[in-house]
Amino acid sequence: MTNLVEVQYAQTGKSSNTDELGMREMQAMVYGQRHRQHLLVKAPPASGKSRAMMFVALDKLANQGVKKVIVAVPQQNIGRSFKDTLLKKFGFFADWNVAPYWNLCLNAGSENSKKSIVREFLDHPTATKLVCTHATLLNSLNGIDAQKLDNVFFGIDEFHHGSADEDNHLGTLIRRLLNETSAHILAMTGSYFRGDAVPVMRPEDEAMFQPTINYNYYQQLNGYKWLKSLGIGYSFFQGNYLTAIPDVLDTHKKTLIHIPHPNSKTGVFMNKHDQVAEIIKFIGEIVDRDYNNYLYKVKTADGRILTVGDLVEDSKEQRDALQSYLQRMNSRDSLDILIALGTAKEGFDWEWCEHCITIGIRASLTEVVQIIGRCTRDCEGKTHAQFTNLIPCPDAAQDDVSMAVNDFLKAISASLLMEQVMAPKWNFKTKVDDEDTPEKPTKPGEDDHVIEVKGLPKLNEKTKAIVENDLDTLVATTLSDKNIREAIIGEGMAEMITEVYIPKIIRDTYPDLNEEEVDAVAKHTILTIATQGEQVVVPDDSGNKFIKIANKFVNLNDLDINLIAEINPFQRAYEVVSKSLTPEVLRTIQYVIEDKRSEKLTDEEAILLFTKYLPKWREENPGKLKPEITDGDPLARRIAMAIEHLRQLKRNKLAQQQ
């Protein structure tokens, strides 16, 4: 198995320690903004978002004139995060209590009965707190008088389930609350990108939540007490994925296995239950069953007895019994391996989990983030967390090799995004001559993780807000782009990424930016992708500092924005992936990519190919004016296409003038 991402953490304990009010670092950040009407919190799993919502909600009720609190979660089992919680004994002024009648995640009634309870709650003279699912909330508030929602606090958990799309009901409700009521909203998410092309909120609505409260994965994991490192990698298989399970499954580690969705193309021609049975065979021999909790006792080849859970089971009685057990378990020995399909993602807390194995391609980057969050909890005895994506390897003999290549690229881009999310970020500023800048004293640590770059465009207030608050989302959008994904494993054309693809994504994402602002955000995005996870090193006594960019060490004194424009920010990923594939597979992938590229060529690409790549080609091919469309070199063919594309543009323009 190859790790594309390896991150080391400092174990500072900062994110786990609590202050005099019993709040962790992230919770204190949120509580400090409690007087704002609209709050958007972006923080990873296990950072304490649920309790942060409790703190704010209780203050809204006690000190800000809010009369009622409604907390909405995507699924009933996640509602347990908002069970009664003692807060006063740790220093806060009140405890969190929800009467069982008003906790609809504990209620087994129908949706119609829950709708009646929500409406009863809004009219009740003394009831103050209610917990329900997103679905119950949407069903209950449909058609209700907007005045009844005035001065109500809504806590929306897993906010990325909403979107700006007209057909997204949660997104529609949020817009209604923002524009038609005086409701207070605290929206929380561990992954503020959906994995599709639709934003979570419209720009005008998102502006009402600015500035967002960002607490990133690196802050969380670096501040743990026990976890030292995280690895994100992948392993390839051809044919049946079950044959690759022994290569990635270490039965000595607490492991969560997500098998493929039934309709995915993973080369397995058996039903999901048979797949689970085969995985258990690799673990060992079933020697006993716990019928109360529906657990298997499995004896390994070396004589160990492991406890294995099966959440793929269709029987609701068995699944509910196992989920109840998972919620109650309170020791490391309670479970060894859990096999799931569509569950054990959002809100599932198994702090002892060390390894997540995900088989096949997931539907979105959000799903990958949620799965990784299952193994990044901090607990005594766990020093390393590992996520492994077991993915089908494209094969030229496949019926649809193009789709296999597309899935492969999705998996690689997801790993790159995880590095962006979970490794420390460098902050960049424009380098100026020392004589132009008066000396000023700096506080200890003020310039930690800052890199100066010659020629880096300065940020104004608008672009600074994007870089500081939305860079993770922007990088996610970049890595979701088809052109970018193909460029990760494509050959050459780094400038196409830095000068065409990424600026276009920024223009489309932020249509109100002018070209100078687009350029500034693009440069910061490229620098972030290219340097993420890298460290500054001092190799000798000269004192010169170097950082690795695209697998080359660059002297920080020589770091110039013009250098950045000429590198592929994904070069390191290309190197890692190339070493993991056979030459035949790599050629297959690159052939499919080039074949796809030949189907399309934008004006911007054609201009860049003509102005920058054609002169380079002429230097390498003295005496020749242009390449032929039949050239064996993919880049040469694309240059020839660009020349013809520009000729056709010129012909069209002349025709219009006539």
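Where is the place of Pro-211? Pro-211 sits in the loop between helix H6 (203-206) and strand S7 (213-214); helices (H or I, at least four residues) and strands (E, at least two) are DSSP runs, numbered from the N terminus. This is a predicted model, in which local features need pLDDT of at least 70, side-chain atom pairs count only at pLDDT 80 or more, and totals for chains, interfaces and linings use all residues. Residues are numbered from 1 along each chain as its sequence is written, and side-chain values use heavy atoms, with hydrogens and water left out.

**Backbone geometry**

- The peptide bond from Gln-210 to Pro-211 is cis, and its omega is near -5 degrees.
- Gln-11 has a positive phi, near 55 degrees, and is not a glycine.
- Gln-11 lies in the loop between strand S1 (2-8) and helix H1 (25-31). Its relative accessibility of 28% makes Gln-11 partly exposed; buried means under 20% relative accessible area, exposed over 50%, and partly exposed in between (1.4 Å probe, protein chains only).
- Tyr-294 also has a positive phi near 55 degrees in a residue other than glycine.
- Tyr-294 belongs to the loop between strand S10 (285-290) and strand S11 (295-299). With a relative accessible area of 23%, Tyr-294 is partly exposed.
- Most residues other than glycine have a negative phi, and most peptide bonds are trans.

**Cysteines**

- The whole structure was searched for disulfides (a pair of cysteine sulfur atoms within 2.5 Å), and the search finds zero.
- Cys-353 is in no disulfide; its nearest cysteine sulfur belongs to Cys-356, 4.0 Å away.
- Cys-353 is buried, at a relative accessible area of 0%.

**Salt bridges**

- The count is 19 salt bridges, each a side-chain nitrogen of Lys or Arg within 4 Å of a carboxyl oxygen of Asp or Glu.
- Arg-332 pairs with Glu-354; their closest N and O atoms are 3.4 Å apart.
- This pair links distant parts of the chain, 22 residues apart. Arg-332 is in the loop between helix H10 (316-328) and strand S13 (337-340), and Glu-354 is in the loop between S13 and strand S14 (355-359).
- Arg-332 is partly exposed at 30% relative accessible area, whereas Glu-354 is buried at 9%.
- Arg-507 bridges to Glu-515, with 2.9 Å between the closest N and O atoms.
- Asp-519 forms a salt bridge with Lys-523, closest N and O atoms 2.5 Å apart.
- Asp-519 and Lys-523 are four residues apart in helix H17 (residues 515-531), so about one helical turn separates them.
- Asp-519 is partly exposed at 31% relative accessible area; Lys-523 is buried at 18%.

**Helix packing: H14 and H15**

- Helix H14 (residues 471-480) packs on helix H15 (residues 482-489) at an angle of about 75 degrees, with the axes 5 Å apart. Axes are lines fitted to C-alpha atoms, for helices over the stretch in contact, and angles run from 0 to 180 degrees between N-to-C directions.
- H14 and H15 are therefore roughly perpendicular; angles under 35 degrees count as roughly parallel, over 145 as roughly antiparallel, 65 to 115 as roughly perpendicular and the rest as oblique.
- Thr-478, Leu-479 and Ser-480 of H14 are in contact (heavy atoms within 4.5 Å) with Lys-482, Ile-484, Arg-485 and Ile-488 of H15.

**Individual residues**

- Thr-463 is in helix H13 (residues 461-469) and is buried at 1% relative accessible area.
- Beyond its neighbours within four places in sequence, Thr-463 contacts Leu-513, Glu-517 and Val-521.
- Trp-426 occupies the loop between helix H12 (401-422) and strand S16 (427-430). Trp-426 is buried at 9% relative accessibility.
- Not counting residues up to four places away in sequence, Trp-426 touches several residues, including His-449, Ile-451, Glu-534 and Ile-547.
- Pro-615 is in helix H21 (residues 603-620) and is partly exposed at 34%.
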